[in-house]
Amino acid sequence: MVSKSLNKQVLFFSDVPHLVISSACYNEDLVADQLRLFFGDIQNKQFFTDKVEDKQVKIIYGIEETLPKFLSSKFPQAESLHLASGLLQSKENEFEGLQIVCFQNRFLVKLIQDQQLLFMQQMEFKTAEDVCYHLLNICKQSEVKDPEINISGMIESNSPLLVEIEKYFSRVLLNRPAPGTFAPSQNQPEAKHYFTHLFSLSL
């Protein structure tokens, strides 16, 4: 399906609550307490920390305690990371402004201004208005006006969500994969932006 050969296995966790912590404020002994403070009681979890050195932050999260052993048995050579870590480390995702990755009933949003990470979190939503409320609030709290928005993931080019976002932001782009990402001999999907954030992680 893709035109480049892949020589590394990385397992990305996306449907997992996470926090972005400044490296200066990180304390390994407090990871579980910090996640419980934000997300409530967390039972039967194994906690992980991803280092993002060039951003001087760490991503903390917890996954079902039986899952790491199962994944290691199936993918012994694979590295495991939270999707947020992958997006922060990928040079292809160095967007100035808001980057949004859409999933079903949730989205991951990252705000970078003047090469500084201002905000990154995963949020749930029920309506398109919910998403716009979150985006406008992020911009207000960060004192950023009308940023460029790059969107990928599970969103249609004519979806009510995209229409609603365009009511409030003047520069909204569907982030499509770079030319040559898909092999010419393969059937190429129409909605290539579904996969942009994933392919950029492999570059």
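User: Is K167 buried or exposed?
Analyst: This is a predicted model: local features need pLDDT of at least 70, side-chain atom pairs count only at pLDDT 80 or more, and totals for chains, interfaces and linings use all residues. Residues are numbered from 1 along each chain as its sequence is written, and side-chain values use heavy atoms, with hydrogens and water left out. Buried means under 20% relative accessible area, exposed over 50%, partly exposed in between (1.4 Å probe, protein chains only). K167 has a relative accessibility of 59%, so K167 counts as exposed.

User: Which residue forms a salt bridge with K167?
Analyst: A salt bridge needs a side-chain nitrogen of Lys or Arg within 4 Å of a carboxyl oxygen of Asp or Glu. For K167, the closest N and O atoms are 3.1 Å apart.

User: Which helix holds both E164 and K167?
Analyst: Helices here are DSSP runs of H or I with at least four residues, strands are E runs with at least two, and both are numbered from the N terminus. E164 and K167 are three residues apart, which means a separation of about one helical turn. The helix is α5.

User: How many salt bridges does the count come to?
Analyst: Side chains of opposite charge can pair when their charged atoms come close. One of the pairs is D33 with R36, at 3.8 Å between the closest N and O atoms. Both lie in helix α1 (residues 31-39), three residues apart. The count comes to five.

User: What are the relative accessible areas of D33 and R36?
Analyst: Both residues belong to helix α1. D33 is partly exposed, at 46%. R36 is partly exposed too, at 33%.

User: How many residues apart are K45 and E64?
Analyst: Their side chains meet in a salt bridge, 2.9 Å from N to O. The pair links distant parts of the chain: K45 sits in β3 (residues 45-52), E64 in β4 (residues 57-64). K45 is partly exposed at 27%, and E64 is partly exposed at 40%. The separation in residues is 19.

User: Which residue in β8 stands opposite K110?
Analyst: β7 (residues 106-113) and β8 pair in the antiparallel sense over eight bridges. Two residues lie between the strands of this hairpin, where D114 takes a positive phi near 55 degrees. Opposite K110 stands M120.

User: Which side chain makes a polar contact with the side chain of Q122?
Analyst: A polar contact is a pair of N or O atoms within 3.5 Å; within protein, one must be able to donate a hydrogen and the other to accept it, and residues adjacent in sequence count only if both atoms are side-chain atoms. Q122 lies in β8 and counts as buried, at 17% relative accessibility. A polar atom of its side chain lies 3.1 Å from the backbone oxygen of S14. The side-chain partner, at 2.9 Å, is R106.

User: In which helix is confidence lowest?
Analyst: The predictor's confidence in each residue is pLDDT, from 0 to 100. The chain averages 84, and 81% of the residues score at least 70. Confidence is highest in α4, at a mean of 96. The lowest mean, 64, belongs to helix α6.

Key. Pairing = 2+ DSSP bridges.
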